[in-house]
Amino acid sequence: MKKLRITAVLLMLCLLAAAFYPAAAALDYGEYVLPAPNTNASCAIVMELDGGRVLYGKNEKLAADPASLTKIMTVLLVAEAVERGDVSLDDKVPIGNDYMNGIPEDDEGPLKLSPGESLSLRDLMYCAMLVSSNEACNVMAVHVSGSVDGFVTLMNKRAKELGCTDTRFVNTNGLFRPGHYSSASDLAIIAREALGHKLILEICGTREYTVPATETHDARQLQNTNGLINPNSYYGSGFVYSGAFGLKTGHTTQADYCLAGAAEKNGVRILVIVLGCGKSQNFVDTMNLFDWAFNNFSVRKVVEKGETFGKIDVTKSAEVTEVQLVAGKSFRYFLPEGLDVSELQKVVKLDSEAAEAPVKAGEEYGTLTVLGPDGETYGSVPLVAANDVDASVWASLKGEVGGFFSQSWMSLLAIVIVLLILAAAVLTLIRRRRRRIEEEKRRRRNAQRRRLENERREKEAHKKYYEDFLGGENGGKKRK
């Protein structure tokens, strides 16, 4: 009785939240307003799958019962374990005694699994996704992590890693339990991640599958419950949608009917999550949301490769002082058909103030960012030089010198070197002047010494002359 009271309170809170939670409104794209689609789902979201951009939401952040859409996370974890090499698709997985963990005894499910038989991990994944086998989810959980509870812990951890903020898992299969919830927004995040795995794409796109006979059971024929894909589904052939390739149906009494649907048209993939729908209405709502997205949106040309977006100054060139910048590649985006793409903001950011020659056509010098009317970043493309620009030898040399001296420490070093050179030159001049003075003094001393020597010799010569002369006169007188 206590659990029933808690359940009733939770259901009442969810209904009240859905009643007062802001409903979907027209989508505002600046001056262009796109009417919102009609849907009877309590919660819904439309996402452009490859880019992850939300095109429409209705109560998409509201926590709700996800029913068997829970199994998308279960199969995602198994697929990741296979890719890591922790387990193999060919593993023979025995059905243990805990395969009914958390599952009512009278809920045998479509497979009627029983202890004593073994299925391959691949077969169990098909059982979980195509016919929503609850017990197959438990068996895979034990095989991957050792226990159901341990696997549920991994589910919640992975949800946080993906950025889910309104999700809490209590079991592996989505059977109703208090405290087990998610939102259309979070389920879209999980589904988008799952569809990024080739194995899951292959499984959810399969219409029918045969599980080979086991030790205790004949071969089982599985029909995909997704009416978008399989005309032989439980829901009949009236919901097949051209281009649909996934993903998972869901239903409990508490959650009503849910669906995660994916479809592709003209190279564009759309993901739709609807929660809280009437029987078969989950397919109708999903198809309507597919049509709304494909009819109102398309991949629009926003930027063309080679389109000019400004210019950049050029240095070290004698030919030009600037060069045009063009888009290095085209940019297309999934936008409303009626939106004037000229309303989108295009912001140019240069990597530097100038380009240094030589410049080669195609060299990247900046980025062009495309913004939506609300400022959301849609994407960016590189801005490249439109043509070649040759460098001037003189300009390059001048620039190198100027660049060398533009650095403060280099300037200081240059000043010191110049001062040292000047000092050396002055010292050399001083030494030369001193040498000339010394040489002049030496020349004068030598000249004076030679003059004195000459004077001495002249004196001696005169003296000898007089002595000889006088000596000759004296001798003559004596002979007389």
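Visitor: How many disulfides does a search of the whole structure find?
Guide: The model considered here is a predicted one. For a disulfide, two cysteine sulfur atoms must lie within 2.5 Å of each other. When the whole structure is searched, the number of disulfides found is 0.

Visitor: Which cysteine has the sulfur nearest to that of Cys258, and how far away is it?
Guide: A disulfide would require a pair of cysteine sulfur atoms within 2.5 Å. Cys258 takes part in no disulfide. Its nearest cysteine sulfur belongs to Cys277, at a distance of 6.9 Å.

Visitor: Is Cys258 buried or exposed?
Guide: A residue counts as buried when its relative accessible area is under 20%. The relative accessible area of Cys258 is 0%. Cys258 is therefore buried.

Visitor: Is Cys204 buried or exposed?
Guide: The limit for a buried residue is again a relative accessible area under 20%. Cys204 has a relative accessibility of 1%, so this cysteine counts as buried.

Visitor: Which residues form a negative surface patch together with Glu319?
Guide: Glu319 is located in the loop that lies between strand S13 (308–315) and strand S14 (322–327). With a relative accessible area of 53%, Glu319 is exposed. The residues that form the negative surface patch with Glu319 are Glu363, Asp388 and Asp390.

Visitor: Where is Arg434 placed, and is Arg434 buried or exposed?
Guide: On the surface, a patch of positive charge gathers Arg431, Arg432, Arg433, Arg434, Arg435 and Arg436. Arg434 has its place in helix H10, which covers residues 408–479. Exposed residues have over 50% relative accessible area. Arg434 has 60%, and is therefore exposed.

Note on methods:
Residues numbered from 1 in each chain as written. Predicted model: local features only at pLDDT ≥ 70, side-chain atom pairs only at ≥ 80, totals over all residues. Heavy atoms only, no water. Patch = residues over 30% accessible without salt bridge, like charges linked within 9 Å, V, L, I, M, F, W, Y side chains within 5 Å. Areas by Shrake-Rupley, 256 points an atom, 1.4 Å probe, with all protein chains shown as cover. Salt bridge = Lys/Arg side-chain N within 4 Å of Asp/Glu carboxyl O. Lys, Arg positive; Asp, Glu negative; His and termini not counted. Charge placed at Lys NZ, Arg CZ, Asp CG, Glu CD. Helix = DSSP H or I, 4+ residues; strand = E, 2+ residues; numbered from the N terminus. Buried < 20%, exposed > 50% of the residue type's maximum accessible area, 1.4 Å probe, protein only.
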